[in-house]
Amino acid sequence: MAEHTIKAFDEDIDRLRGLIAEMGGRAEAAIENAMLALQRHDKVLAAEVVADDKRIDAIEAEVEKMVVEVIALRAPMANDLRDVVAALKIVSVVERIGDYAKNIAKRVPLVATNTRTLEPISLLPSMGQVAGEMVHDALNAFAARDPDLALAVVERDTVVDDFYNSVFRTLVTYMVENPKTISECAHLLFIAKNIERIGDHATNVAEMVYYAATGNTLPDRDRGADIQVED
Amino acid sequence: MTPMTEEQHNLAVDNPKMTARDVKVFYGPKQAIKGVSIDVDMDHVTAFIGPSGCGKSTFLRTLNRMNDTVASARVEGAITLDGEDIYAPSMDVVQLRARVGMVFQKPNPFPKSIYENIAYGPRIHGLAASKADMDVIVEKSLRRAGLWEEVKDRLQDSGTALSGGQQQRLCIGRAIAVEPEVILMDEPCSALDPIATAKIEELIHELRGRYAIVIVTHNMQQAARVSQRTAFFHLGELVEYGVTSEIFTNPRQERTKDYITGRYG
């Protein structure tokens with residue numbers, strides 16, 4: 001894209017985009033490490049995820065401040081305006097993604113080791129990986145202003161939803177068959193729900209990226225069975 | 001040079017007050033406007049934006065034949081007011097300029113009293129039968145121009161003694177006094193401070209609907225604030241004409257985007 005006549009404007013935009021790239025990278029790492037901590041029952045790693053979330057929150061605050069300044073001082077128009085508005089919305093969503101990863105990490109010490117044998121725990125890492133990749137691609141789409149990549153993220157949301165429904169059914173079955181596992185299963189259920197929400201938020205980010213890049217909003221899509229509450 | 005395409009002219013106007021079709025303006029051998037077609041309607045304020053020398057002021061001046069005063073200027077194409085060709089030989093130019101009024105960049109009140117500044121036009125057009133009629137016209141015009149409360153006790157003071165912003169509102173009042181249908185404004189705020197500018201912008205907002213208003217401005221924020229329709233001119237062409245909120249958030253043409261985002265040049 002051509003440079004602005006006022007170079008400082010480009011510097012502001014670059015800094016803004018750099019911060020969001022860092023924030024996205026940290027959110028991705030938080031998801032990955034939270035899932036790793038869950039699999040290995042690694043309380044130290046889990047504690048790190050919780051601690052690192054502070055930096056994500058700090059970046060959100062920094063971006064918010066910068067966006068207000070850019071709007072006030074640069075009066076951005078057209079794609080620039082869409083870009084900074086998207087930046088403002090994206091950071092609040094990525095902050096939420098960080099919170100979900102933190103919440104997963106916080107549950108790691110509460111899921112006792114004897115649940116290693118539970119089947120859903122083997123599904124969760126794959127589910128977490130898909131959600132993490134969606135976050136990664138959504139942020140990459142923002143960095144590259146790539147509406148096609150954003151669209152691909154939106155389309156992947158159903159994969160996470162399907163995972164969630166599968167995990168939900170499995171956990172309910174476990175709980176019915178063996179009430180002693182209810183406490184662990186409840187935590188795992190929340191973890192699955194957190195991952196499902198991360199997928200939704202990555203989708204939101206992708207939708208904002210699509211709007212920022214094209215100026216058009218995505219048509220309403222059939223979200224399918226977002227939540228299947230059975231029985 | 002450039003035929004009108006749907007992309008360029010992306011705005012349908014149902015009930016145009018003025019229309020221009022394939023308008024070309026030449027200054028001697030130099031072509032300043034290269035085939036502009038546009039409709040201007042009553043219900044919206046239309047802003048012309050574009051870099052210096054893009055032709056926006058030249059084009060504005062074709063709408064009430066101000067270019068007639070430039071010896072080397074030649075206008076081709078068709079411009080109508082209520083369907084009537086304003087360049088037809090039968091058109092009375094003085095009458096035309098009463099119907100299509102103009103406000104200029106620098107406030108230019110007559111060196112006469114405030115009262116006379118307003119009364120001059122109605123008098124030569126024979127709009128007032130008596131002094132009482134004229135008093136009514138002066139008050140009404142000054143009220144519509146948002147100036148009455150500030151000057152009602154000193155109508156005999158010289159118009160040139162007013163502040164710049166007041167002078168510009170006086171000029172708008174002077175244009176209004178002859179009951180125009182269209183008001184053309186050529187950078188009406190570029191010589192004014194922000195407060196005086198805000199008052200003019202508020203005035204434009206209040207006048208909307210009563211008159212068709214076309215404003216040329218260098219200030220894109222001003223175009224965004226006062227207009228509902230924006231036309232972007234570049235190198236004598238109308239590049240894009242659309243709903244203001246769309247032009248400033250999602251312009252269709254690359255050239256428009258580069259200009260309004262500050263990437264032009």
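User: Where along chain A does E3(A) sit?

Analyst: E3(A) lies in the segment before α1 (7–40) of chain A, where helices (H or I, at least four residues) and strands (E, at least two) are DSSP runs numbered from the N terminus. Residues are numbered from 1 along each chain as its sequence is written, while chains are lettered from A and ligands numbered from 1 in the order in which they are written. This is a predicted model, in which local features need pLDDT of at least 70, side-chain atom pairs count only at pLDDT 80 or more, and totals for chains, interfaces and linings use all residues.

User: Is E3(A) buried or exposed?

Analyst: A residue is buried if 20 or more other C-beta atoms, placed from the backbone, lie within 10 Å of its own, exposed if 12 or fewer, and partly exposed in between. E3(A) has 10 other C-beta atoms within 10 Å, so E3(A) is exposed.

User: Why is α6(A) described as largely enclosed by the rest of the structure?

Analyst: α6(A) is so described because 24 of its 33 residues are buried. Just after α6(A), G215(A) takes a positive phi of about 85°.

User: How many residues of chain A are in contact with chain B?

Analyst: Contact requires C-beta atoms, placed from the backbone, within 7 Å. On that basis 14 residues of chain A are in contact with 14 residues of chain B. Helix α3 (residues 78–107) of chain A supplies the largest share of chain A's side, five residues.

Conventions. Two residues are in contact if their C-beta atoms, placed from the backbone, lie within 7 Å.
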